[in-house]
Structures are given as C-alpha cells and as structure tokens.
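Please keep the sequence and the structure in view while reading.

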Amino acid sequence: WVAHCERVGRGQEALQYLARYLYRGVISNRNILDDDGTTVTFRYQNSRDRQWQTRTLPGEDFLWLLLQHVLPKGFRRARDYGFLHGNARPLLNLLQWLLRVPKPPPVERHSVSLPCPHCQGRMRVTGMRPARERPG
C-alpha cells in the first residue's frame with residue numbers, strides 16, 4: 001500500500017483534498033469508456049483545472065493504478081474512524097472551530113402549510129393515517 005503525502009494547507013483546502021479520496025470509490029463504471037481486451041480507456045477529472053480528460057492504458061497498468069487505492073486486509077476507510085465517524089459530530093465541530101473552517105449557513109426549512117378550505121387559515125399536519133385498502 002502506497003501513501004502519498006503532501007502539504008495541502010489548512011482548513012478548507014485540506015478538507016477538500018481529503019474529500020476526493022474519502023467519500024468516493026476510485027473510479028465509477030460510467031467513467032470507463034472502452035475496454036478492448038488489451039487496453040482500457042477511461043475518463044477522469046483533473047483536480048487542478050477541473051477539466052475532464054481521457055487516458056488509455058494497457059490493462060495491466062490500469063489495474064496497477066486501481067490496486068494502489070485498495071486497502072490491505074484489516075484496514076478500514078478513514079471515514080469510519082475518528083472525527084469522520086457518523087457519531088463524532090461534536091468532535092468534528094470542535095476541529096472545524098480550531099481550524100477556522102467556515103460553516104455553511106443553516107438551511108432554512110419551510111413547513112408545508114395548507115389553507116383551511118373553510119376559513120383560509122393555516123393548517124398544521126399533526127399526523128398521518130395510512131390509506132384504507134379498497135376491496136377489489
């Protein structure tokens with residue numbers, strides 16, 4: 001397993017760099033454009049200029065690139081541990097505060113309001129009842 005380490009700055013830049021590797025697979029099937037039995041043509045997005053590029057490699061070289069991203073037996077993806085674990089929200093908030101990562105503004109949720117057919121006042125949904133089955 002090969003770890004490629006390089007300085008990426010702090011805060012938002014570091015999180016964007018890590019997100020490319022933590023939340024997606026190596027390559028999706030739709031990005032493999034052609035396989036003729038000896039060479040594989042695939043497309044990828046260049047991380048520097050965000051432009052899509054294509055590359056054709058012999059099958060062995062393509063597999064070598066792919067296998068560099070496979071974790072050894074017993075290792076787990078980083079998002080399952082530490083501050084990226086699903087239950088570690090308080091720790092993640094603390095790290096974001098320490099690194100001065102700006103938080104996006106909270107999403108405003110609008111409740112669905114239906115007008116009352118009699119008085120035109122606002123009605124609230126207080127519960128749901130499943131539809132009755134029709135005999136049939």
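The model is a predicted one, in which local features need pLDDT of at least 70, side-chain atom pairs count only at pLDDT 80 or more, and totals for chains, interfaces and linings use all residues. Residues are numbered from 1 along each chain as its sequence is written, and side-chain values use heavy atoms, with hydrogens and water left out.

Helices (H or I, at least four residues) and strands (E, at least two) are DSSP runs numbered from the N terminus, and two strands pair if DSSP finds at least two bridges between them. Strand β1 (residues 32-35) pairs with β2 in the antiparallel sense, over three bridges. Within this pairing, aspartate 35 is opposite valine 40 of β2. Three residues lie between the strands of this hairpin, and glycine 37 adopts a positive phi near 100 degrees there.

Strand β2 also pairs with strand β3 (residues 52-58), again in the antiparallel sense, over seven bridges. Here arginine 43 faces threonine 54 of β3, and tyrosine 44 is opposite glutamine 53 of β3. The hairpin of β2 and β3 has six residues between its strands, and in the turn arginine 50 has a positive phi of about 60 degrees.

The aromatic rings come next. A pair of aromatic rings is described by the distance of the centres and the angle of the planes. Rings of Phe, Tyr and Trp (its six-membered ring) pair if their centres lie within 6.5 Å; planes under 30 degrees apart count as stacked, over 60 as edge-to-face and the rest as tilted. By this rule there are two aromatic pairs. Phenylalanine 42 and tyrosine 44 form a tilted pair, because their ring centres are 6.1 Å apart and their planes stand at 45 degrees. Phenylalanine 42 also forms a tilted pair with phenylalanine 62, at 5.3 Å centre to centre and with 50 degrees between the planes. This second pair links distant parts of the chain, since phenylalanine 42 is in strand β2 (residues 39-45) and phenylalanine 62 is in helix α2 (residues 59-67), 20 residues apart.

Phenylalanine 42 counts as buried because its relative accessibility is 7%, whereas tyrosine 44, at 30%, counts as partly exposed. Phenylalanine 62 is buried, as is phenylalanine 42.

Another ring has a charge over its face: arginine 43 lies over tryptophan 52, at 4.2 Å from the ring centre. The criterion is that NZ of Lys or CZ of Arg is within 6 Å of the ring centre and within 35 degrees of the ring normal.

Threonine 56 belongs to strand β3 and, at 47% relative accessibility, is partly exposed. Leaving aside residues up to four places away in sequence, threonine 56 touches Thr39, Val40 and Thr41, where contact means heavy atoms within 4.5 Å. The side chains of threonine 56 and threonine 41 make a polar contact at 2.9 Å. Such a contact is a pair of N or O atoms within 3.5 Å; within protein, one must be able to donate a hydrogen and the other to accept it, and residues adjacent in sequence count only if both atoms are side-chain atoms.

Glutamine 96 is located in helix α3 (residues 89-98) and counts as buried because its relative accessible area is 19%.

Notes. Buried < 20%, exposed > 50% of the residue type's maximum accessible area, 1.4 Å probe, protein only.
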